[in-house]
Number of protein chains: 2
Amino acid sequence: MVDRRGKIVASAITSLDIHDLARSARTYGVRAMYVAHPVKELRDFAMSVRDRWMEGHGRQFDSLRREALERVAVVSDLDEAIASIRGLCGVPPLLVHTSARNQGGVSYQGLREELEQEGPPFLILFGTGFGLAPAVAARADRILAPILGVGDYNHLSVRAAASIILDRLRGR
Amino acid sequence: MVDRRGKIVASAITSLDIHDLARSARTYGVRAMYVAHPVKELRDFAMSVRDRWMEGHGRQFDSLRREALERVAVVSDLDEAIASIRGLCGVPPLLVHTSARNQGGVSYQGLREELEQEGPPFLILFGTGFGLAPAVAARADRILAPILGVGDYNHLSVRAAASIILDRLRGR
């Protein structure tokens, strides 16, 4: 990710990132959600948040959490996520870049139509902090148009932005 | 709110509730966001989350947070929010009920058209936990249709649901 000054950083993971994104992903029929982080301690944290609801008391207490979190995988980086998808689907995914600062890019309706066709899987990339690092954008196959509200303020949380994008791509 | 068994409870507030909802509200041009809680300690907590970015170091450090959080008001209950809106706008708001379990209800396009007319302000009600208490629904002027994903799973976080609803009502 980049921070507010544009410096490349590893941003923090919160438990609500994992819960909110997994619940939105499950609602919109996303097959797998990858949490990618280069630091082992943060990956361990992410797995503990997931497994809290997958095992023992948590599993019995709330099946709705489990149904969402069971699709969460924790990986070190983008390449590991791509390798996992290749293993699941037989082909690598098309990478979709999202950013509040994207200029132009494919429309939501355009990407929605492409998703509805029989084609390769799509991996939609979301950043925390002040967004994805430029090296990630350079690898993307599709650049998605930004979410526009009513004015020029556009500083949604990643939890909100991902939910809105999934709704625009898959909502009824 | 109600809990998983349908019992009336006061649910917890997290700092990300306030930040995420305020950022989404600001993005979609919402004039004021009310955090309503009957317990003084939780209202004090909500005010401290807001004021952290409104004063001193936080104010200078991140103007984007401030622009979102300055529209947050903390109240004890729905009646206090309605009184505040009456003070701001001169008329009471129309109350819009949201729930994943609403049957029928007004469509997003219908409510969007109503919002675009010159009319009274709208107060859109969101619940945490397992949703708004029945007494709140009974007071609503409009019941909004639920958000539908691709299947029957619908257990979005309030942060995600509110963002999606604002996008459907005000997004471009």
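Colleague: How many salt bridges does the rule find across the interface of chain B and chain A?

Modeller: The rule finds four across that interface. This is a predicted model, in which local features need pLDDT of at least 70 and side-chain atom pairs count only at pLDDT 80 or more, while totals for chains, interfaces and linings use all residues. Residues are numbered from 1 along each chain as written, chains are lettered from A and ligands numbered from 1 in the order written, and side-chain values use heavy atoms, without hydrogens and water.

Colleague: What makes the meeting of A:Arg168 and B:Asp167 a salt bridge?

Modeller: The term requires a side-chain nitrogen of Lys or Arg within 4 Å of a carboxyl oxygen of Asp or Glu. The N to O distance between these side chains is 2.6 Å, so the pair qualifies.

Colleague: How do you know what area chain B and chain A bury between them?

Modeller: Buried area is the accessible area (1.4 Å probe) that two parts lose on being put together, summed over both. For these chains the value is about 3,500 Å², with 52% of it on carbon and sulfur atoms. In chain B, the residues losing the most area to chain A are B:Thr27, B:Tyr153 and B:Arg172, together 22% of what that side buries.

Colleague: Why is A:Asn102 called buried?

Modeller: A residue is buried under 20% relative accessible area, exposed over 50% and partly exposed in between (1.4 Å probe, protein chains only). A:Asn102 has 11%, and is therefore buried. Its contacts (heavy atoms within 4.5 Å) include A:Ile143 and A:Pro146. The side chain of A:Asn102 also reaches the backbone oxygen of A:Leu144 at 2.8 Å.

Terms used. A polar contact is a pair of N or O atoms within 3.5 Å; within protein, one must be able to donate a hydrogen and the other to accept it, and residues adjacent in sequence count only if both atoms are side-chain atoms. Lists of a residue's contacts leave out its neighbours within four places in sequence.
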